[in-house]
Amino acid sequence: MKRKFVKRLMASALIGSMALGLVACSGGDNDKETSDDSGKIVLNVINYHVGTDYAADYYSYLFEEFQKTEAGKNVEFNFEEIPTTDAYNQKIKLLISSGDLPDIVFNGGNNITELAAKSGKVADLTPYFDEDPEWKALFDDTSLEFNTVDGKIYGVPVSKEISYIYYNKELFEKAGIEAPETAFASWDEFFEVCDQLKAKGITPLGMDTADSGWLTNLWMSALIGTNGEAGNEWMNTMYPTDFNTPEVEAAAEKIQTMFKEYTTADAVGGKYDPMATHFFNGEVAMFPNGPWMIPDFQEPEKAPEGFYDKVGIMLMPGNGMEMVPTPGDMVGATEEEKIEAAVAFLKFETSPENQIKALEMTGLQPVSNDLEIPDTLTESDPLMAQVLEIQNKAEVTYGQNQAYWYQNTIDTFSTELPELAYGNITPKEFCEKLTESAAKNQE
Amino acid sequence: MKQTSQISIISAKTAKYIFMLFFSLIAIGPIVWAFISSFKTYAEINSSALSWPSSFNLDNYKAAFMYAPIAKYFLNSVIIVGTSVLVTVTLVAMCAYIISRFNFKLKTLIILLISASLMLPAQAISQPLFAIFQKLGIFDTKLGLIIVYSAMGIPMSFFVMTSYYKTISMALEESAYIDGASFLQTFWHIILPLAKPGLVTIALLQFINTWNEFYFALMLTSGDTARTVPIALNYYMGTFANNYSALFAAVVMTVLPTIFVFIILQRQVMESLTAGAVKG
């Protein structure tokens with residue numbers, strides 16, 4: 001009898017605690033606030049620059065400093081943190097279709113400008129640019145056009161993406177090679193140097209195939225983009241559909257040779273991080289990448305002490321450099337005062353001072369062309385200063401596949417690279433597969 | 001002759017142990033590898049996947065707590081997953097029993113509806129769920145995730161349990177009814193104790209599936225109040241800056257509960273999996 005009573009008591013307690021738990025679990029505060037009790041404007045922001053993200057500290061600084069300005073003193077931020085751009089892109093696409101966008105919409109990796117603009121859920125920023133010619137003058141036509149949909153500007157570009165070659169000065173010296181001041185004159189010269197390095201037992205190049213094959217993509221883009229007018233035009237085309245052009249096929253052939261002759265054994269199937277570690281450890285001589293890698297050269301967790309001083313910078317052969325405008329940040333707010341506040345933040349984010357700050361803290365390249373670079377940067381970060389200097393010497397600029405190709409074609413590039421590297425398919429067949437993949441977007 | 005048979009017994013035993021050791025290594029290998037990697041530096045991890053760490057210290061574990069609110073998300077996971085397991089097991093235990101034992105109108109339709117829900121991809125229902133949850137005021141709440149996880153877990157658990165109930169002899173219930181037991185008494189005192197291995201299995205399956213669930217935990221939450229461990233793990237994988245050392249430390253900390261739960265419940269799971277395999 002007593003046992004029965006205890007059992008019943010326990011069952012009641014269990015049901016009670018479950019009910020209480022469920023009640024306690026509900027009732028989250030998810031109303032979209034316009035202003036808080038103090039009358040401040042509350043801006044909802046989804047921030048993916050969190051955790052170990054390269055720009056986490058910079059964005060934390062930016063939000064904090066904005067609130068100290070005249071335009072931002074009346075603004076409060078309500079953050080939702082979403083670590084990684086992949087997760088961010090998944091969620092922002094859902095929010096675009098549900099119409100529940102944050103007030104400031106960051107553009108994270110994937111270009112969502114057109115999707116957001118066509119959904120009618122983001123603000124047309126053209127009037128704000130027209131009202132403030134000084135602000136508009138900070139951006140060149142290419143950057144603004146990249147963020148324009150149907151004649152209206154929706155995105156505020158915050159940086160430019162560039163990439164070139166990092167080389168290990170010590171390894172070049174060991175192989176008796178004198179590095180060029182700006183770039184090798186031609187790809188033939190570049191491959192001759194690769195042979196010289198190889199003859200001294202040094203692996204010449206860093207390459208990869210996994211995760212979209214970032215490094216190989218940079219080599220391939222350079223091989224196409226510097227191959228005459230036709231190649232350059234092709235590599236500056238948004239969403240190309242024909243990959244069986246002489247320039248692309250020639251580039252694929254060179255990539256196959258590079259995998260076979262000039263890179264590490266783990267490049268096929270390899271991801272960016274282990275390949276970068278090869279470069280940090282002095283195991284490969286040349287590595288293509290952008291300025292965001294520079295802070296890593298001084299990161300004790302990643303690179304050996306003194307590595308920063310061993311790194312040199314050069315453009316791609318033929319004075320080529322990858323340079324693409326970036327998809328800009330947008331405004332998802334619908335109320336006038338929130339739109340004003342969001343635009344004020346975007347103006348603050350793209351102010352010349354903060355473009356320099358972003359460069360110093362993260363390696364993000366200024367979107368404005370003629371910013372005055374402080375002398376202190378040359379002393380504190382000579383490599384970064386050199387990047388700013390060398391990019392003006394680029395004679396040929398071109399895009400890269402992650403910015404310009406269809407997503408499924410980028411995936412095909414990554415999955416077919418091992419086949420190309422192992423010689424299971426010819427360069428022509430590799431290009432045919434890319435063409436087939438791109439054609440699926442036309443159906 | 002005797003010696004020959006002894007040799008064959010020893011060789012059979014050796015083969016058996018080699019076989020078991022091989023599969024144990026396959027199963028344990030990744031966990032041990034993650035554990036060892038959780039003490040390595042970034043450079044050590046990327047230089048060689050199989051090397052030994054230069055030193056064993058807790059720096060990576062400290063970093064794991066620094067980058068992400070892992071403790072908070074861990075607690076959320078325990079509450080959400082624990083409750084959803086309880087809800088799923090309670091509902092399925094009753095529902096599957098009725099379906100497996102009784103015939104009634106619309107029974108086939110109910111089974112079809114439950115089966116159909118197995119076919120729904122998460123992406124297809126995320127937007128309607130998002131909108132409904134916002135209207136109901138359960139967006140970004142633990143309750144919201146508990147409801148989704150329980151609903152997602154019910155179909156598979158339902159099929160496991162209906163099959164399990166069918167292995168329990170009807171004669172036991174008939175004897176209970178003859179002895180004067182009511183329906184509820186029969187279910188509570190006769191059927192449920194016999195169905196324990198099956199219930200443990202569905203509890204375990206539900207636990208593993210929901211503990212690792214990422215998509216809804218991301219889509220249906222916006223803050224720290226209801227986010228779970230899989231989201232926390234993303235904090236170590238930022239753009240151009242992955243921290244694998246801290247990630248492995250976090251993985252070790254978050255995978256341990258799953259292993260412990262399995263160790264505690266493994267006997268019942270084994271019983272459930274082998275139940276009905278041999279009919280007397």
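1. Basis of the model. The model is predicted: local features need pLDDT of at least 70, side-chain atom pairs count only at pLDDT 80 or more, and totals for chains, interfaces and linings use all residues. Residues are numbered from 1 along each chain as its sequence is written, while chains are lettered from A and ligands numbered from 1 in the order in which they are written.

2. Contact between the chains. Chain A places 32 residues in contact with 37 residues of chain B (two residues are in contact if their C-beta atoms, placed from the backbone, lie within 7 Å). On the chain A side, the elements that give two or more residues are helix H1 (2-25), helix H3 (85-98) and helix H13 (272-280). H3(A) gives the most, with seven residues. Helices (H or I, at least four residues) and strands (E, at least two) are DSSP runs, numbered from the N terminus. By class, this side of chain A has 12 nonpolar, 14 polar and six charged residues. Here Ala, Val, Leu, Ile, Met, Phe, Trp, Tyr, Cys and Pro count as nonpolar, Asp, Glu, Lys and Arg as charged, and the others, Gly among them, as polar.

3. Domains of chain A. The domain assignment gives domain 1 (10-155 + 328-366) and domain 2 (161-324 + 388-442) of chain A; such bounds come from an automatic or database domain assignment. The C-alpha centres of these two domains of chain A lie 33 Å apart. Their contact takes five residues from domain 1 and five residues from domain 2. The domain 1 side of chain A divides into two nonpolar, three polar and no charged residues.

4. Domains of chain B. Chain B is assigned domain 1 (2-38) and domain 2 (61-278), with C-alpha centres 33 Å apart. Five residues from domain 1 of chain B and five residues from domain 2 of chain B make up the contact. On the domain 1 side of chain B there are three nonpolar, two polar and no charged residues.

5. An unreviewed UniProt entry places the feature "transmembrane region" at residues 17-36, 73-99, 106-126, 146-165, 186-208 and 244-265 of chain B. UniProt positions are given in the numbering used here, feature names are shortened, and annotations may be inferred rather than shown by experiment. In the model, residues 73-99 of chain B are 100% helix and 0% strand, with end C-alpha atoms 37 Å apart. Residues 106-126 of chain B are 81% helix and 0% strand, and their end C-alpha atoms lie 29 Å apart.

6. Nonpolar core. The largest nonpolar core has 173 residues, and those with the most contacts inside it are Val331(A) and Ala250(B). Such a core is a set of buried Ala, Val, Leu, Ile, Met, Phe, Trp, Tyr and Cys residues joined through C-beta atoms within 7 Å. Helix H7 (residues 142-166) of chain B supplies the largest share of this core, 11 residues. Leaving aside neighbours within four places in sequence, Ala250(B) is in contact with Ala64(B), Ala68(B), Ile70(B), Ala232(B), Leu233(B) and Tyr236(B).

7. Loop residues with positive phi. Thr84(A), in the loop between strand S2 (75-81) and H3 of chain A, has phi near 80°, a positive value in a residue other than glycine. Thr84(A) counts as buried because it has 24 C-beta neighbours inside 10 Å. A residue is buried if 20 or more other C-beta atoms lie within 10 Å of its own, exposed if 12 or fewer, and partly exposed in between, with C-beta atoms placed from the backbone. Asp140(B), in the loop between helix H6 (122-136) and H7 of chain B, has a positive phi near 60°. Asp140(B) counts as buried because it has 21 C-beta neighbours inside 10 Å.
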